[in-house]
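This briefing is meant to be read next to the sequence and the coordinates.

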Protein chains: 2
Amino acid sequence: MPSKVIASKPSARERLLAAADDLFYSEGVQTVGIDRIVAQAGVAKASLYNLFGSKEELVQAYLDARHANTRDQVERALTRFRTPRERLLGVFDAQGQLFTEPDFNGCAHMTASAEARHGSAVEGATDRYRLWVRTLFTDLAREARVADAEGLARQLHLLYDGAGVSARMDRDPSAATTARAAAAALFDAAVKDAG
Amino acid sequence: MPSKVIASKPSARERLLAAADDLFYSEGVQTVGIDRIVAQAGVAKASLYNLFGSKEELVQAYLDARHANTRDQVERALTRFRTPRERLLGVFDAQGQLFTEPDFNGCAHMTASAEARHGSAVEGATDRYRLWVRTLFTDLAREARVADAEGLARQLHLLYDGAGVSARMDRDPSAATTARAAAAALFDAAVKDAG
DNA sequence: GACTGGGAAGACAGGTCTGTCTAGTTTCGT
DNA sequence: ACGAAACTAGACAGACCTGTCTTCCCAGTC
């Protein structure tokens with residue numbers, strides 16, 4: 001008989017999201033069926049459909065949870081840096097941390113988007129994620145008094161995406177280091193142009 | 001009655017590859033079934049399995065054909081440029097051309113890789129493609145007498161990948177222009193460092 | 001004219017998929 | 001203690017998947 005101090009079993013919703021995160025991320029959204037999700041979560045199929053309504057909405061929730069997690073990790077990592085330049089480049093340091101996690105398998109939003117049908121509901125989640133990245137870079141560039149902050153942010157976003165692709169397809173976590181070096185060069189060039 | 005001058009109907013293999021290119025590229029490898037391929041190609045299912053052996057090998061052939069096509073288009077585009085710097089940046093001009101094609105839907109190798117199971121046979125095709133891009137940038141950087149040609153090539157490859165991602169996910173073909181500008185800055189920085 | 005072989009058409013097997021439904025059980029607030 | 005809400009278990013429907021197999025057709029070739 002468990003005492004009240006022991007945390008109760010996570011709710012069905014939490015277990016479903018945990019199983020979805022594990023299976024969808026490691027094997028893909030299309031190849032993982034509902035049956036495997038509910039089996040791993042130890043949840044009845046009816047509960048899944050009561051809680052989420054459809055597989056597509058579960059995928060959306062999975063992507064939003066990933067988004068929130070990435071945002072927290074990046075923002076926490078950025079608190080360690082002082083100067084605007086360091087903070088801007090720190091995004092790639094945080095990315096490098098994500099690349100070295102043992103079950104890293106690329107950007108979840110990219111792979112989910114590649115698997116989704118055009119015009120699918122997951123596009124909303126991917127758009128939200130990409131807007132956050134873009135805004136993050138733009139804000140950091142503004143903090144650093146870059147003249148064309150939006151322009152630099154677009155360039156850095158390309159590096160960020162490219163690093164995510166290379167880390168997965170080339171199985172090369174050092175892509176983040178390469179991206180950081182390129183970002184530093186682009187930042188310095190953007191600052192000098194204005195100065 | 002067709003005269004001998006009129007080209008005969010393409011072979012079953014050619015029609016299968018054309019249908020695979022159309023359907024796989026626009027809708028994805030997983031969502032398109034064999035039945036739709038053979039229906040659009042006007043080919044018997046048995047012919048597909050006689051010619052290719054499995055769906056996975058058809059996917060590989062589709063990716064290799066895309067690779068060859070992209071290579072031809074890029075190499076042809078590069079003949080218009082003279083200086084090493086222009087030739088190196090010309091890769092992004094060629095990429096911008098691809099982005100504006102009416103049925104553009106991102107890099108086929110990226111989406112196929114995202115849909116494939118880990119360790120699948122399509123990884124061979126994507127590895128070949130990525131090696132070609134990497135080698136192309138390295139050779140162009142060497143032609144331009146860049147000191148750290150491999151290092152610059154890695155950075156440009158990130159921009160190339162990132163532009164492909166952004167063009168598809170942000171529905172923004174101008175990503176190639178952004179990548180070109182960033183590549184120019186990185187190139188100039190790499191040249192100046194050595195000089 | 002007979003033969004041969006590539007291809008067309010489609011039935012079929014065996015499996016998986018999403019989503020629904022019924023029915024029984026646990027949990028919890030009051 | 002009791003009723004409501006949440007959850008479990010699993011059968012089921014209807015569709016789709018890959019891959020195999022049989023049967024037929026038709027164009028060349030000797």
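The points below are grouped by topic and describe a predicted model. Chain A is made of nine helices and zero strands. A rotation of 180° places chain A on chain B with an RMSD of 0.0 Å. DNA strand C has 16 residues around it, and DNA strand D also has 16.

**Chain A**

- The secondary structure of chain A consists of nine helices, with zero strands.
- In sequence order, the pattern of chain A reads α-α-α-α-α-α-α-α-α.
- Along the principal axes, the C-alpha atoms of chain A occupy a box of roughly 65 × 45 × 30 Å.

**Relation of the two chains**

- Chain A superposes on chain B through a rotation of 180° with a shift of 0.0 Å along the axis, at an RMSD of 0.0 Å.
- This is therefore the relation of a two-fold axis.
- The contact residues of chain A recur in chain B at 100%, and the same surface serves both copies.
- Gly162(A) is the residue of chain A that comes closest to the rotation axis, its C-alpha lying at 2.1 Å.

**Contact between chain A and chain B**

- Chain A puts 30 residues into the contact, and chain B puts in 30 residues.
- On the side of chain A that touches chain B, the elements giving two or more residues are helix H6 (108-115), helix H7 (122-143), helix H8 (149-169) and helix H9 (175-194) of chain A.
- H8(A) supplies the largest share of that side, eleven residues.
- Sorted by class, the side of chain A that touches chain B holds 13 nonpolar, eleven polar and six charged residues.

**Surface near DNA strand C**

- Gly33(A), Ile34(A), Ala46(A), Lys55(A) and Ala44(B) come nearest among the 16 residues around DNA strand C.
- Two or more residues of this surface come from each of helix H2 (34-41) and helix H3 (45-52) of chain A, and from helix H3 (45-52) of chain B.
- The surface near DNA strand C is made up of seven nonpolar, five polar and four charged residues.

**Surface near DNA strand D**

- Around DNA strand D there are 16 residues, of which Ala44(A), Gly33(B), Ile34(B), Ala46(B) and Lys55(B) come nearest.
- The elements with two or more residues on this surface are H3 of chain A, and helix H2 (34-41) and H3 of chain B.
- By class, the surface near DNA strand D has seven nonpolar, five polar and four charged residues.

**Packing of H7 and H8 in chain A**

- H7(A) and H8(A) cross at roughly 130°, and their axes come within 8 Å.
- H7(A) and H8(A) are therefore oblique to each other.
- The crossing of H7(A) with H8(A) is right-handed.
- From H7(A), the residues Val133(A), Arg134(A), Phe137(A), Thr138(A), Ala141(A) and Arg142(A) meet Ala149(A), Glu150(A), Leu152(A), Ala153(A), Leu156(A), His157(A) and Tyr160(A) of H8(A).
- Eight nonpolar, two polar and three charged residues form this contact of H7(A) with H8(A).

**Packing of H7 and H8 in chain B**

- Helix H7 (residues 122-143) and helix H8 (residues 149-169) of chain B pack at about 130°, with 8 Å between their axes.
- H7(B) and H8(B) are therefore oblique to each other.
- H7(B) crosses H8(B) in a right-handed sense.
- The residues in this contact include Phe137(B) and Ala141(B) of H7(B), and Leu152(B) and Tyr160(B) of H8(B).
- The contact of H7(B) with H8(B) counts eight nonpolar, two polar and three charged residues.

**Packing of H4 and H6 in chain B**

- Helix H4 (residues 55-78) and helix H6 (residues 108-115) of chain B pack at an angle of about 160°, and their axes are 10 Å apart.
- Angles over 145 degrees count as roughly antiparallel, so H4(B) and H6(B) are roughly antiparallel to each other.
- The crossing of H4(B) with H6(B) is left-handed.
- Val59(B), Leu63(B) and Arg66(B) of H4(B) make the contact with Ala108(B), His109(B) and Ala112(B) of H6(B).
- In this contact of H4(B) with H6(B), four residues are nonpolar, one is polar and one is charged.

Terms used. Residues are numbered from 1 along each chain as its sequence is written. Chains are lettered from A and ligands numbered from 1 in the order in which they are written. This is a predicted model: local features need pLDDT of at least 70, side-chain atom pairs count only at pLDDT 80 or more; totals for chains, interfaces and linings use all residues. Axes are lines fitted to C-alpha atoms, for helices over the stretch in contact, and angles run from 0 to 180 degrees between N-to-C directions. Helices (H or I, at least four residues) and strands (E, at least two) are DSSP runs, numbered from the N terminus. Angles under 35 degrees count as roughly parallel, over 145 as roughly antiparallel, 65 to 115 as roughly perpendicular and the rest as oblique. A crossing is left-handed if the near helix is turned anticlockwise from the far one by less than a right angle, and right-handed if clockwise. Two residues are in contact if their C-beta atoms, placed from the backbone, lie within 7 Å. Ala, Val, Leu, Ile, Met, Phe, Trp, Tyr, Cys and Pro count as nonpolar, Asp, Glu, Lys and Arg as charged, and the others, Gly among them, as polar. A residue is near a molecule or strand if its C-beta atom, placed from the backbone, lies within 6 Å of it. Copies are superposed by least squares on the C-alpha atoms of residues with pLDDT of at least 70 in both.
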